[in-house]
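Biologist: Hi, could you walk me through this model? I'm new to reading these.

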Amino acid sequence: MTVQQNRMMQTRSLFLFKNLINDAYCRDISIKIRSQLDVKRKNGQFIGSFAGYGYQKDPENKNHLIIDEYAADIVRYIFNLKMDGYSSQRIAEKLNEMGVLPPMEYKRSCGMNYNSGFRSGAKPKWAVTTVNRILTNELYTGTMVQGK
């Protein structure tokens, strides 16, 4: 083996060893972060980026949710309409007739830098799926479901 080949083998071995150490470090940090998030979830702390419609993050404690009164009234209205026998389609139409902003637009109007994969047109409207998400979300029963 030549000197140059020997150096290349040593460099390659060093490179592989450094990669092994870096991988172990990344894995260790990832496990620590996940376990910390699990502890927060078990303690009932909110760990999401944005609170659900009808809630907002407490300005003093980002892991605590407080009620957003305006949006909470809309959520109560949606549940009351459903209890009165309205379909999700009719609830969405009624909210659109009233000019209520859908959740994504409401968050933006409150100054949040909120983006999602859903696209809205020039005039965003309530949709059946949005109403159904609210009606089936356990958060509105007082149960915070996270980490699913």
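Biologist: How do helix α3 and α5 cross?

Modeller: In this predicted model, the axes of helix α3 (residues 88-98) and α5 come within 8 Å and cross at roughly 110 degrees. An axis is a line fitted to C-alpha atoms, for helices over the stretch in contact, and angles run from 0 to 180 degrees between N-to-C directions. Helices here are DSSP runs of H or I with at least four residues, strands are runs of E with at least two, and both are numbered from the N terminus.

Biologist: And what does that angle make α3 relative to α5?

Modeller: It makes α3 roughly perpendicular to α5, a label for 65 to 115 degrees (under 35 is roughly parallel, over 145 roughly antiparallel, the rest oblique).

Biologist: Which residues make the contact?

Modeller: From α3 they are Ser88, Gln89, Ile91 and Ala92, and from α5 they are Val128, Val131, Asn132 and Leu135. Contact means heavy atoms within 4.5 Å. By class, this contact of α3 with α5 has five nonpolar, three polar and no charged residues. Here Ala, Val, Leu, Ile, Met, Phe, Trp, Tyr, Cys and Pro count as nonpolar, Asp, Glu, Lys and Arg as charged, and the others, Gly among them, as polar.

Biologist: Now α2, at what angle does it pack with α5?

Modeller: Helix α2 (residues 69-83) and helix α5 (residues 128-136) pack at about 90 degrees, and their axes are 10 Å apart. So α2 and α5 are roughly perpendicular to each other.

Biologist: Which residues of α2 and α5 meet there?

Modeller: Val75, Ile78, Phe79 and Lys82 come from α2, and they meet Val131, Ile134 and Leu135 of α5. This contact of α2 with α5 has six nonpolar residues, no polar ones and one charged.

Biologist: Switching topic, in which sense do the strands β1 and β2 pair?

Modeller: β1 and strand β2 (residues 61-67) pair in the antiparallel sense, over four bridges. Pairing needs at least two bridges found by DSSP.

Biologist: What joins β1 to β2?

Modeller: A hairpin does, through two residues.

Biologist: And what stands opposite Gln56?

Modeller: Ile66 in β2 stands opposite Gln56.

Terms used
Residues are numbered from 1 along each chain as its sequence is written. This is a predicted model: local features need pLDDT of at least 70, side-chain atom pairs count only at pLDDT 80 or more; totals for chains, interfaces and linings use all residues. Side-chain values use heavy atoms; hydrogens and water are left out.
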